[in-house]
Every structure is written in structure tokens, then in C-alpha cells.
Amino acid sequence: METLTAIIAAMAIPMIAFISNLMHGDERPNLRDGITFIAALATFGCVLTVLMNEGSVIGSTHTIFTVISGLDVAFHVEPLGLLFALIASGLWVVVHMYAIGYMRGNKEKNHARFYAAFCLSISATIGIAFSANMFSLFLFYEILTIATYPLVAHKGTEEAKQGARVYVGTLLGTSIGFQLIAIIWTYTVAGTLDFTQGGILQGKVSPMLAMVLLGFFAFGIGKAALMPFHKWLPSAMVAPTPVSALLHAVAVVKAGVFTMLKVGVYIFGIDFLAETKASEWLMWLAAFSILAASLVAMTKDNLKARLAYSTVSQLSYITLGMALATSMGVIGGGLHIAMHAFGKITLFMCAGAIYVATHKTEIKQMTGLGRVMPFTYGAFFIGALSIIGLPPLGGSWSKWQLMVASADTGHLIMIGVLMLSSLLNVAYLLPIVAKGFFLTDEKNNAESGIREAPFWCVVPPVFTAIGCIALFIYAGDIQEFLMPLVEVK
Amino acid sequence: MLHVAGVSGLTIIDQLPMLTIVVPMLAAPLCVLFGNRHIAWLLAFLASVFSFLFATHMLLQVMDGDVLSYHMGGWEPPLGIEYRIDAANAFMLFLISGISTIVLPYARRSVAHEIKKVSHTLFYCCYLLCFTGLLGVVATGDAFNIFVFLEISSLSTYVLIAMGAERDRRALTSAYDYLILGTIGATFFVIGIGFLYMATGTLNLADLSVRMANMEGNRTIQAAFAFIIVGMGLKAAIYPLHLWLPGAYTYAPSVVTTFLAATATKAAIYVLMRFMFSVYQPDFVFELHTLTWIIMPLAILAIFAASLIAIFQTDLKRLLAYSSVAQIGYMMLGIGLASKSSLSATIVHLFNHGITKAVLFMVVGAYVMRAGSSFANNLNGLGKQLPWTSAAFVIGGLSLIGVPGTAGFISKWMLIQSVLEADLWWLAIMLVISSLLAVIYIWKTVEVLYLKEPDVSTLAMKEVPLSMLLPIWILAIACIYFGLNTEWTLSMADVAAEGLLNGGGK
């Protein structure tokens, strides 16, 4: 298959599944979910085809059509986007299996609408990953926001509605209020929005204005959950757990930090950022986000809320990587997209599995559960270690790279921030595991009939937990894969 | 290139400028004469299809900047009445007749639901007269003729709005309000024209512009300008002259609201542009009288105040009506900037907003048909009962917000570009922020449709018939199509803007 065909197929197949879901409705659920599963596999296959065809290069741009001259909907292949597309489509396969188990095990309603919106979100995510210019990216970015809205509001309760309102309000608000201005501004000064190696703003804006423009971008990319625009992420946790797992640990938030990296590398250019020191303030803000969100996470007793704040903190690692304005930082940020995706999706799926099995959401209720749910808790433990950044798990490498980058640029204090953050991670993640394994409940869990979650809720997190270990071994390859991003032509 | 034709024109093609208006005009009395409501609808529909075909043909003829000049009755202008079709008004004719052609199939069922059967023939008669009037206002090149057609369209509009009394008696007071304000507007307009005639001795727009070239200091001409702007401003519902609009849009029958929202104010804005840029010279209007500093602040005020008011409305029709006032603010902003790019942004927005609002009002009409009213608390959970209709509302709503990929984004992008060209940074940021207000009121409605638990009465509701759904979706798809493919709309708007600035392509 041609690369372009494969990209378009990777977006079209989820759309077909979207239509199939809507047509089947809630009749014949097995056929409906089966078709979606095949679609997920096929989508992943298409992205793999792109990988086979292109490998680790920055490919040429394919324009699909022109909206206004200078504003094209266009696609290209470059390592970071390809990595993102691989993660999103690959984990969709896993999460779809999990979602079937979760939605049925939990007797949720409106399955068809749920899966349909899921498919649409994946299609938009692939669009974001392969966008060749800021306009296309913005287009898919907005589609993703709107497509995920029904997922967040899925339960239809007052709480879900309120959460969804914050979600869509923050994301649309920041993207229109800041990002669109930044895009129009960029277009006005640079005359183009194409993602170009080395950036398009070099010499077009003064250092002072570059700083302001970067601010519009950084706050405009609400999906990156940079403080103070992070509130939507915990609000979105009212969504069913598969949504939190794929969309709010992988697709949506990663679309945010992915856009952040794209803007840093291809709009500003790392060298330009380094020269002008335009991103220095962003680095401090990211560091603040990392620590503050970790501290807030410690105060949360609701498991999903704790994981949400942990995500806010971890996303800022990637923003930090960009803001350090050095090639090592960008590579570290790119790596962290992959590492955090696997780690966090494991944690979320485990949280969901616990909920399906016990209907418990608060950490203080979860004492002794590890003994009756060993696989779920085992996977959780591995995921937690990867988020903390301990070897032999994937998360250790990205953190390592970011520390090297901090040392390179002379920001030794950032090393301290990252280390402190790891300690905080230990403090809010490991007690959950410890309580699960070592404490016993007054009421014996086994007697109250609590057993391991359904098969389809347990296998996916175990699988991604193994992925965390595999990533430790293959981190070098991913790093190699990302190198063209920072190589100077 | 100037194409001239009169009654002596040999082919039917030469007669198109006249036929576009005369066909619906003659169809109107026929509706009443036949006295059958089905025939009346058919006549209205056919007349509007013909007008649409004629308008399309003319649009293709003038797309490259040519001008069609038609001499009524063979009398040479400036003595005789001239119909002068250039890109700008051909585009408007296309919009008005196109919207009418799409709305009429929808009207059949909606009118049957909202208006007594005995009044149907009269309804279609008035509709056709209103349609004729709007087409005439746009097509003609004669100032007094504009007034005549304006009155034809206004008088029939008053009747059409009052017909909403079947559903809600407040339609009568709204129609009365509009009658008073509309008459004041028309009177101001005709006083303005009278002054112009006094000073120049001509009523032909092109001729006026030539004769006024060196009369900038003339007090009469200046006073005429003020009268014309205020008079037309009332018809165009420029903030703060918009007070008739919310009531009229809210209580008029849904079809009327749809048609008026998509076309009537647009025709008035076109006339304003014609006078500001073709009859008077832009430098007279904007430099000598610093009109920029009157129009722009009012436009910004319109955008923010009307959007804010819209957020607090509980009646969907009224909400959209206030949103229209805000959108007219965007158009006036483009006029106030007075550059070629801002003018073409306004023209694009006329078109894009026309189709967007038509979708939204048609959807609301469908809700009225099923739920009996357009109050938000009667629409709980309708998204599930009327899935296609509600999906179209979401598309229209996104286009109103200006989300990329929809028509609304294009006009906003063009407008912001022209604002940036004028180096008004703060204004660009304000424009972007103003879209957020639209997010609030659209999202509020989407929540009602999709997230509220349906009431017991809602559960029995079915999707509206295909004859209503199809028009809704044609325009909903157009909202997306013109958001992705702008080649045609943008080039059209450019030619039209250039034509306007060159005084009608002399």
C-alpha cells in the first residue's frame, strides 16, 4: 500500500466502524463489537504499513485539498507523529477488548453511541498524528474535542454533565481563545503554517514576541493540561474507565503534548528557542506543574482523580522536554509519550478492573484487594513503577533523557525537580499497592464474594504491563527512531 | 465588460435580470386567484426555482467582473429604470433565490402545521411578494426603485410575521413593532433619496455616483447620507437599531423566520454597502466623516452584547435571533474596516451565515412541529428522538461558532485576516474571544438536546418527514462543503468586493 493510501485508510477505517456502530445500535452487540475490533486491528495494520514504507524519515507532504490558499489539509510522515499514531492505534486494539469487558461487566448503557464516538476520536487522533501543517492539526484537534464530548458525558448524570461541560469548555475555550490566535499570528508573520524542520519563525519575530507567541501556543494547547488549564482532566474522569484509559491517558492528552512538541520543533525550531530563550518561562511553569500536580495527587483519595493529577504532572515532563530547547529534551519528551502511555493506561485499566469487580472508587476502601485480585494488582504495581521511573521499566529511560537534557543546558535545578517528582510518585502510587497486598480488611474480601475482574478486564492491563517492561529493553530503538527529528540537515 | 439589454433584447437570456423578479411577482396574485393551497405552494416553489435558475445563470455571466445592464421598458438610464447586475448583487440574488428554493419544500409541512389552512394561499402570496421585494431591492440600479421594492418586501413581511399569531398571539405585537420601526426606516431612506435627487437631479445609482464626485462639501448630500444609513440600518438591524428583530424572529412562523434570517437583513446590508462604497465614495464616507469610529464600536458592541443576551435566552428562536444581531455585527465590522479584503470577508459572511442560520432555524422549526414550542425546557432529550434533525443542529451550531471545517470558520478567518491587515491586534483577539460566547449558547442547547432526560411526552416524538429533513441536510452539508472548499465563495466575494469598490464596475 502507498503511504498516503495507508494514512487515509487508517483514518477511514475507524469512520467505517463509526457508521457500523451507529447502524447496528444496541442490537446484535457481538457483531457490532466484532466489526469494531477488526477495524481496530486494520487501523493498526495501516499505521504499521506506513512504518514499513517510510521508516524513520521526515517524508514529503501530501496535500489533500486547499481550503484557502495557504491553508491546506495535508499529511506527512515524521517519526514523532508515526510513533504517536502507532501508540494510539495499537493501544486502541487493547482498550477495545477491555472496553467490551468493562462496558458489559458494568452494565453501562448506550454501547453503540459509546463505541461510535470512540471510533471517531481515534480517526481524529490519527489525523492529528499525520498532519503536515498547523491548520490541519488544529482541524483534527477540534474534531477530537467534540468527538470525545459524548464519551465524557456518557453516564448522563448531573456530575457527568458538569464534568463534560468543564471538559469541552476548557478545551474549546483555550483552543479558540489562544491557539487560534497563535496560529493566525504565525500565519501572518511567517506566511505559512507548514511543519518545517528547523522551524518557520526564525528571524520573523523578535525574542520578546516569540515568548508571547509561545505563551499563546502553550496555553492554547489545553489538551497538554499545563497549569492553570488542567482542571478539565480530573473533570473528565467521570467518563467510563476505558475512555479515561485510552483517551485521557493516551489519545487526547498525548495529542496535546504531541502538538506542544510539534510546535517547538517544527514551528519555532529548537535552535530558535534556545537562541532566544523564549521557552525559559515555560520550563519553570512546567516544573511547577510537575510538582504541584503531584502534591495535589497525594491529597486525592479517589483513585481515578489521583491518576488524573498524576497525568497532569507527567504531561508536564514532555512540555519540559520541549521547553529545555535542546535535542536531548525533545527526544526525552518523545520517549516519554510512549513510556507514559503504556504506564498510565495500565494504571487506568487496573482502576477500572477494580471498579468492575468491587465497585470501589476510593483508595481507602481498597485494603487487601491485592490478595483476591493478584493479576490486577500485579499489573498496577508494574505500571506504577514505570511511572515512577525505576528500571527495569520503560519510564526510567525518558526520565533519564530529560535529566541529561537538563544537565546539558545547565538547568541543574530541573534534575532536582525530576527527582523530587519521582519521590512524590512513589509516595502517592505505591501505598495503593501496599495497602492492597499487605493490609487486610475487617470484612474478609474473599468472603464477601469479591473475585478477580472479568477475563477481558484483566488481560489488557497485564498485556500493557508487560509492554512497560519491553519498552525498557527497546527504548534505544525508539530513541534511534526519533533521531531525525533533531538532526540538522 | 458591460452588457446592455432592454425590451429590444433578442433572446430570453437578455431578459433574465427582469424575469428573475417578474416571475415571482406575477406568481403572487396567481396564488390567490387559484385559491387552492396546493397550487399556491407549487406556484411559489416553481417561481422560486425559476428565479434561482435565472440568478445562477446571471451569476455565471458576471463572475469575471462583467456587468449586465437591463433597461426597463427600453428607456435609457438615467431617465429610465436600470437593472444593473454585477458580481455583488448577482451573488445576493443567488443566495436569496437559492435559500427560497430550499426552504419552500420544507415550508409545505411546516406551514401546514403552524398556519390555518384557509390562510395558506395568502401566506404563499405574501411570501412571494416578500421574495420579489428582496430580489428587486438587490437587482435594481435605481434608488427610488430600491425604496419601492423595499416597501413591497416590508409590507408583506409584516403580514407574514403576524401569521405567527396562530401559534402565539405575541406575533401580533411583534409585527406591529416591526411595522412602526420598518416604516420609520423606510421613511428615512426615502427622505435620503429625496435629498440626493434634490442635489443631483438623478436617481440612477451609477449616475448618482458620477454626479456626486465633486460635491463632498454639499450639506444636502451629507444629510442624505445620514438618512440613508439610519434608514437602511433599521432594516439591517444594526445594533442598536435591532429592537424589532428578536420579537419578529421569535414569533413569526418558522418558515418566515428561516427565510428572513437568511436573506432579509442580508439584502439590507448589501444596499448599505452599495451606498457606502459605490454611490458615495469610500474616502467620503470613511475619511471625512470618520464613520469607521461609529460603525466599528457599534459592531463590537453588537457582537458582545447580543451574544451575551443570547446566552440567557430560554426560547431557542429568540436565542438564535440575538445571535443574528451579533453576526450582523461581524458584517458591519468588515464594512467599517473599508478595505477590499474586509469587504470580501463581509460578503463571504453574508453567504456563510445565511446558510448557517437557515439550517438552525429550520431545525428549530422542526422542533416546533414536534414539540409544539421552541422553549428549551420542551426540548429535553430530543437528540435521541430526532437524531437527524439534531445532528444538523450540531453542524449548524459548529458553523456558527466558527469551528474549522465549517463555513463559519472561513468567514471568521477572512475577517480576522483583514483586521490584522489593518494592524488592529486587540480587535483580532476580541473577535476570537467573541466566538467563545457562541460556544456557550450553542453548547447550552446541545446539552438540552442530548443530555437532559427525555420527558414522557418527548418519547413519543418521531423524526420529521423527509421533505423537511432533506432541505435541512442540503444546507447542513453546504455548511461543511463551503468550509472545506472555498474556491468558489472566496473568488466570488473578491470579485464582488472589487465591483463594489469600483462603483459597480464602470
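Predicted model: local features only at pLDDT ≥ 70, side-chain atom pairs only at ≥ 80, totals over all residues.
Chain B contains 21 helices and three strands. The C-alpha trace of chain B spans about 70 × 60 × 40 Å along its principal axes. For 506 residues, a compact globule would have a radius of gyration near 23 Å, and the 22 Å of chain B agrees with this. Of the 506 residues in chain B, 63% are buried. Among the contacts in chain B with a separation of 6 or more, 80% are accounted for by residues 24 or more positions apart.

Strand S2 of chain B, residues 67-71, is mostly covered, with five of its five residues buried. In a regular strand, side chains alternate between the two faces of the sheet. Both faces of S2(B) are covered: B:Val67, B:Ser69 and B:His71 are buried on one side, and B:Leu68 and B:Tyr70 are buried on the other. S2(B) runs antiparallel to strand S3 of chain B, residues 82-85, and four bridges join the two. Within this pairing, B:Leu68 has B:Ile85 of S3(B) as its bridge partner.

Helix H9 of chain B, residues 244-251, is likewise described as mostly covered, as eight of its eight residues are buried. The buried residues of H9(B) are B:Trp244, B:Leu245, B:Pro246, B:Gly247, B:Ala248, B:Tyr249, B:Thr250 and B:Tyr251. The cover over these residues includes helix H5 (143-162), helix H6 (170-200), helix H10 (254-279) and helix H13 (316-337) of chain B.

In chain A, the domain assignment gives domain 1 (1-182 + 234-259) and domain 2 (279-489). The centres of the two domains, taken over C-alpha atoms, are separated by 22 Å. Their contact takes 33 residues from domain 1 and 31 residues from domain 2 of chain A. On the side of domain 1 that touches domain 2, the elements giving two or more residues are helix H3 (79-105) and helix H9 (241-268) of chain A. H3(A) provides the largest share of that side, 14 residues. By class, the side of domain 1 that touches domain 2 divides into 24 nonpolar, eight polar and one charged residue.

A:Pro228 lies in the loop between helix H7 (207-220) and helix H8 (232-235) of chain A. With 9 other C-beta atoms within 10 Å, A:Pro228 is exposed, because a count of 12 or fewer defines that class. A:Pro228 and A:Ser289 are 61 residues apart in sequence, and their C-alpha atoms are 8.4 Å apart in space.

The contact between the chains takes 18 residues from chain A and 21 residues from chain B. On the side of chain A that touches chain B, strand S1 (62-68), helix H5 (134-152) and helix H6 (158-190) of chain A each supply at least two residues. H6(A) gives the most to this side, with ten residues. The side of chain A that touches chain B comprises twelve nonpolar, four polar and two charged residues.

In soluble globular proteins, nonpolar side chains tend to be buried together. The largest nonpolar core of the model has 412 residues, and those with the most contacts inside it are A:Ala88, B:Ala44, B:Phe91, B:Leu128, B:Ile161, B:Leu272 and B:Val359. Helix H13 of chain A, residues 327-358, contributes the largest share of this core, 20 residues. Domain 1 and domain 2 of chain A both give residues to the core, which therefore lies between them.

B:Leu128 lies in helix H4 of chain B, residues 120-139. B:Leu128 is buried, with 27 other C-beta atoms within 10 Å, because a count of 20 or more defines that class. Apart from residues up to four places away in sequence, B:Leu128 touches B:Pro24, B:Ala27, B:Ala28, B:Cys31, B:Ala44 and B:Ala47. The C-alpha atoms of B:Leu128 and B:Ala40 are separated by 10.0 Å, whereas the two residues are 88 residues apart along the chain. B:Leu272 is in contact with B:Ile229, B:Met232, B:Ala236 and B:Ile335, leaving aside its neighbours within four places in sequence.

Note on methods: Residues numbered from 1 in each chain as written. Chains lettered and ligands numbered in written order. Contact = placed C-beta atoms within 7 Å. Nonpolar A, V, L, I, M, F, W, Y, C, P; charged D, E, K, R; others polar. Pairing = 2+ DSSP bridges. Core = buried A, V, L, I, M, F, W, Y, C linked by C-beta atoms within 7 Å. Domains from an automatic or database assignment. Rg over C-alpha atoms; globule rule 2.2 N^0.38 Å.
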